[in-house]
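Here is a short briefing on one protein model. Topics follow in order, each with its cut-offs.

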Amino acid sequence: MNSTTSISKSKRGQNDLLEIENDFAKATISLFGGHILSYIPKTDDIDRLWLSEAAIFDGKTAIRGGIPICWPWFGNAHNQDRDDLPSHGFVRNQIWTLDSSEDSSTGTQLVLSPQSTVGPGWQFKTRLQLKVMVGKTLVVELITRNLDKQTIDLNCALHSYFRVDDIEQVTLTGLSGQYLDKTKDYEAFETPDVYRIKDETDRVHLHPAILVEIDNGLHIGVRSSGHDSIVVWNPWEQNCLRMKDMNQDSYQTMICVESAITQTLKLESNQEVILKQQII
Ligand code: TA6
């Protein structure tokens, strides 16, 4: 780690954490998973990210909340006839290392990378980096470079959990076009003009909206690039009851708005893709 004065180390359960504090914001990153857990601008000291009170920090279990890194596939879209591969890929269950960090007049930049970019179901040569800029906004870039000789099929997501006061009062703006509804066997529907969440919601919006705004008291802007879709997810109560790392009422104060590549990007040899999400 470079001599960055804004970064200190801490621990939660078995997970080593990086605590970042500068003039603009505070943030926490778990080295397990390369997983941003919180982002708190100093303008109002309100965490923009949601973290389950029942999240597990055993150094093995993917952390519920914050910004999970889904790579090198999204959900079970690994295009292989196997049922033994982990949902959302394998890097969110790995130890990441801090490759570099730098304080500047606009905030603190950190670059992290996972222990390994190969695993069951994925033996291609690639480089994966997470670049995080903690400043007046939070900028997160998931950078994949194909170091293999062959073209690779890539899906990935910044699976961000945002804090809301009351999910039933949330409105989303900025989404348009068709979405695939995973609660209805991927049937296609048109995005509603007035976007509210009133039940389990699990939607892949095929139009890559550049800015999605979450309004519920607090206003959160989610600006994306390098994506081909936006995923909106809320498990609602029944699923929360079935999830060991969610409380029964967890669904009431969170919503996932995910900047994602879900339609399979064919990344050619020596090409790079940057999946970027900026939280405003
Ligand atoms: O992004 C939505 C989703 O794919 C849902 O289908 C649900 O599975 C969610 O991700 C959480 O997945 P996880 O593996 O973190 O429990």
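**Sheet, loop and ligand site**

Four strands make up an open sheet, ordered β1-β2-β3-β4, with antiparallel pairing. β1 (7–12) and β4 (35–41) are the edge strands; each has a single partner strand, so one side of each is left without a neighbour in the sheet. On average, neighbouring strands of this sheet are turned by 20° against each other, direction ignored.

This is a predicted model: local features need pLDDT of at least 70, side-chain atom pairs count only at pLDDT 80 or more, and totals for chains, interfaces and linings use all residues. Residues are numbered from 1 along each chain as its sequence is written, and side-chain values use heavy atoms, with hydrogens and water left out.

**Strand terms and pairing**

- Strands (E, at least two residues) are DSSP runs, numbered from the N terminus.
- Two strands pair if DSSP finds at least two bridges between them.
- Axes are lines fitted to C-alpha atoms, and angles run from 0 to 180 degrees between N-to-C directions.
- β3 (residues 25–30) and β4 run antiparallel and are joined by six bridges.
- Thr-28 has Ser-38 as its bridge partner in β4.

**Asn-22 in its loop**

- The loop between β2 (15–21) and β3 holds Asn-22.
- Asn-22 counts as buried, because its relative accessibility is 11% (buried means under 20% relative accessible area, with a 1.4 Å probe and protein chains only).
- Asn-22 touches Ser-6, Lys-42, Gly-107, Thr-108 and Val-134, leaving aside residues up to four places away in sequence (contact means heavy atoms within 4.5 Å).
- The side chains of Asn-22 and Thr-108 form a polar contact of 3.0 Å (a pair of N or O atoms within 3.5 Å; within protein, one must be able to donate a hydrogen and the other to accept it, and residues adjacent in sequence count only if both atoms are side-chain atoms).
- At 3.0 Å, the Asn-22 side chain also reaches the backbone oxygen of Val-134.
- Lys-136 is 114 residues from Asn-22 along the chain, and their C-alpha atoms are 10.0 Å apart.

**Ligand surroundings**

- Residues around the ligand include Arg-64, Phe-74, His-88, Lys-182, Trp-233 and Glu-258 (a heavy atom within 4 Å of the ligand).
- Arg-64 places a polar side-chain atom 3.0 Å from a ligand oxygen atom.
- For Lys-182, a polar side-chain atom lies 3.0 Å from an oxygen atom of the ligand.
- For Glu-258, the distance from a polar side-chain atom to a ligand oxygen atom is 2.8 Å.
- On its own the ligand has 390 Å² of accessible area, and the protein covers 80% of that (Shrake-Rupley method, 1.4 Å probe).

Technical notes: Buried means under 20% relative accessible area, exposed over 50%, partly exposed in between (1.4 Å probe, protein chains only).
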